[in-house]
Amino acid sequence: MSPNDVSVVLAHGAWADGSSWSKVIGPLRSEGVRAVAAPLPLTSLADDVAALDRTLERIEGPVVLVGHAYAGAVIAATRDEKVRSLVYVAALAPDEGETVADVFYRTEPHPLAPKLAPDNHGLIWLPDNTFAAAFAQHASTEEQAVLAAVQRPIAVACISVKAGRPLWKDRPSWFLVAEQDRMIAPDTQRFMAGRMKAKVRSHPVDHTPIVTAPGVVADIILDALRDRK
């Protein structure tokens, strides 16, 4: 695939929205790559997959799908035939019969990771101090404050539903392992990447490299776009 022949669709994770990809979209555009961020409601896994599919309907030609964090489960659930490969950015990749929560809690959490619990509406919010402590510890103080201020909660229904057959069993996949991730254990990321047989890029980045190391993220996406195997 030539980078200029393929579109990139970006799926955001929990506690974020499509604007979280803003620092990645620029470098991709400078390489002549069309990138679109899919707006996920974070209300249930089925709702998020439907939202992703609506975005894919608007795209003509082949697509590389990219998911950050929770969205790894979302990109693996689409069945759109335009998808040529998948890129996981510090993302969760449940296998068939597993839930997002199963893989998220596979190992002991980092000491600074938050204890998550839903509110009275079944929504999970991050405490504001978590953005500096674990979500994006490499970000500036201002960036951390903005991330906290604009966060969108994730519903329990997103993480408690068993996954079907994941698309990564049928498409090539790439995985950016965030070595300094305090939200999703790096060992868990390596485990998931290994069973996916993904092409792995490992870097000393935090859980949110789409904000704190966008060049690293753009590079692995471009590698996936250029890969002809």
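## Contacts and overall fold

In this predicted model, residues 24 or more positions apart account for 72% of those contacts in the chain that have a separation of 6 or more.

Along the principal axes, the C-alpha trace spans about 45 × 35 × 30 Å.

## Burial, surface and charge

Buried residues make up 53% of the 229 in the chain. The accessible surface amounts to about 9,900 Å², and carbon and sulfur atoms contribute 52% of that area.

The chain carries 24 positive and 27 negative charges, and the mean position of the positive charges lies 5 Å from the mean position of the negative ones.

## Helix H10 and Val-217

Helix H10 covers residues 214-226, and its 13 residues reach 18 Å from the first C-alpha to the last, which is close to the 18 Å expected at 1.5 Å a residue. Its buried residues are Pro-214, Val-217, Ala-218, Ile-220, Ile-221, Leu-222, Ala-224 and Leu-225.

Val-217, which is found in this helix, has a relative accessibility of 0% and therefore counts as buried, the cut-off being under 20%. Leaving aside neighbours within four places in sequence, Val-217 is in contact with Trp-21, Val-24, Val-89, Leu-176, Pro-209 and Ile-210. Between Val-217 and Arg-201, which are 16 residues apart in sequence, the C-alpha to C-alpha distance is 9.7 Å.

## Two alanines with positive phi

Most residues other than glycine have a negative phi. Against that background, Ala-69 has a phi near 55 degrees, a positive value in a residue other than glycine, and Ala-90 likewise has a positive phi, near 45 degrees.

Ala-69 lies in the loop that connects strand E3 (63-68) with helix H3 (71-75), where its relative accessible area of 5% makes it a buried residue. Ala-90 is placed in the loop between strand E4 (83-89) and helix H4 (100-104), and it counts as buried because its relative accessibility is 0%.

## Thr-99 in the loop between E4 and H4

Thr-99 also belongs to the loop between E4 and H4, and at 9% relative accessibility this threonine counts as buried. Beyond residues up to four places away in sequence, Thr-99 touches Pro-94, together with Ile-159, Ser-160, Val-161 and Lys-162.

## Thr-43 in the loop between E2 and H2

Thr-43 is located in the loop between strand E2 (35-38) and helix H2 (45-57).

When residues up to four places away in sequence are not counted, Thr-43 touches Asp-48, Ala-155, Ala-157 and Cys-158. Thr-43 and Ile-154 are 111 residues apart in sequence, yet their C-alpha atoms are 6.4 Å apart in space.

Definitions and conventions: Residues are numbered from 1 along each chain as its sequence is written. This is a predicted model: local features need pLDDT of at least 70, side-chain atom pairs count only at pLDDT 80 or more; totals for chains, interfaces and linings use all residues. Side-chain values use heavy atoms; hydrogens and water are left out. Buried means under 20% relative accessible area, exposed over 50%, partly exposed in between (1.4 Å probe, protein chains only). Contact means heavy atoms within 4.5 Å. Accessible areas come from the Shrake-Rupley method with a 1.4 Å probe; for residues, only the protein chains shown count as cover. Lys and Arg count as positive and Asp and Glu as negative; His and the chain ends are not counted. The place of a charge is taken as NZ of Lys, CZ of Arg, CG of Asp or CD of Glu. Helices (H or I, at least four residues) and strands (E, at least two) are DSSP runs, numbered from the N terminus. The expected span of a helix is 1.5 Å times one less than its number of residues.
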